[in-house]
Amino acid sequence: AYLGPAALSRSTLLLRACHAPDKHRTRATETAKHSCNTGHWRGASNHHSDPQRSTMSYFDFAKGCLAAGFSGGLSVAIMNPLDTLKVRVQVATNPGSLTAFARDVVTKEGFYRGLLAPGVAANFWGIGISSVGRVGCYPYVRDKLLAAAGATEKSGGVMFLAGLLAGGVGYLASSPVYQIKTLAQAEAGVVVDGVLTTGGRAGSAPRFHSHSLLGGLSTLKRDGQLWRGSGALLVRGALLSAGMQVGYDGVKTLAKRRGVAEGSGLHAVASAAGAVGACVCATPADVVMTRYQAAGMSGKNAHASALACAADVVRTDGPLALYRGFTPFVVRLGPVFIISLPLTEQIR
């Protein structure tokens, strides 16, 4: 009585199928199976139509995306000094050694004004938005690709492609905010009477540094450059995400196949591998994106496109210039991933 008449009808039909003569049993059984498969019975055991099950699926997806966004934004805000140092080294004419450059910035501007504060709010929101795609949506994209290929085992190729797709969409959505982050860090310096006295744009009035995120977006909109460099950022973000997932998901998968229990230790090691993979894949695109966006700080860009900027970098500074800033990139991304990826796993 609790299961209702539909469930009782199903039981009756199944019993009849079992007790029917041999020549009728096949047809009766097929009728019963057809009724189950087409959803004619809506008893308690028909979990495919359970609305709570669907709701929980959407809830888990949303929770995973929010966890990825918050964890990613928080971790890059903590590590913003290294990100600022990376950007300032990349746009400097003759930066010299990394340690000497960092010491000079701290001596002239202080740690807070020179490295910690520039672009920190835009960094939080930009990476938070991109992490929703890069980390939050990645498992679903990966599983869809596996299902489409009819595969049961994860492979490096599927991880790379899923990371490429999820990361590309995430970074494209965050492009205007991420551009503000880069510009604020590129023109960072001490401001006296409305004029920068230190940094790469000393002697000029700041257009993004020391301004709010909304103020910076308004400036870009007035310049008609709100989506400037979005193609370069998409390529950079897609490559970063792909390299990260091959390192992170790949190390986790291989370790678990060898009997290693999943836990914080494995997550930390996999996160470090993900940081190295991300930097190897994304540093050239990161250099080009930073140079291209920074070249347009005054409102007009000296380069016709990101590809033209890349050609100019190689022609002027040589191919190795495409990996300028690799060390601070790894040093920054390592802690960011070690904080954000295990935190995302725990929240999710």
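Biologist: What is the relative accessible area of Phe124?

Modeller: The model is predicted, with local features needing pLDDT of at least 70 and side-chain atom pairs counting only at pLDDT 80 or more, while totals for chains, interfaces and linings use all residues. Residues are numbered from 1 along each chain as its sequence is written, and side-chain values use heavy atoms, leaving out hydrogens and water. Buried means under 20% relative accessible area, exposed over 50%, and partly exposed in between, using a 1.4 Å probe and protein chains only. Phe124 therefore counts as partly exposed, at 25%.

Biologist: Which residue forms an aromatic pair with Phe61?

Modeller: Rings of Phe, Tyr and Trp (its six-membered ring) pair if their centres lie within 6.5 Å; planes under 30 degrees apart count as stacked, over 60 as edge-to-face and the rest as tilted. Phe61's pair is edge-to-face, with 4.9 Å centre to centre and 75° between the planes. The partner of Phe61 is Tyr140.

Biologist: How exposed is Tyr140?

Modeller: Tyr140 counts as partly exposed. Its relative accessibility is 35%.

Biologist: Which residue does the side chain of Arg201 contact?

Modeller: Arg201 counts as buried, at 15% relative accessibility. A polar contact is a pair of N or O atoms within 3.5 Å; within protein, one must be able to donate a hydrogen and the other to accept it, and residues adjacent in sequence count only if both atoms are side-chain atoms. Arg201 makes such a contact, side chain to side chain, at 2.8 Å with Glu187.

Biologist: Over the face of which residue does Lys86 lie?

Modeller: A charge sits over a ring if NZ of Lys or CZ of Arg is within 6 Å of the ring centre and within 35 degrees of the ring normal. Lys86 lies at 5.2 Å from the ring centre of Phe329.
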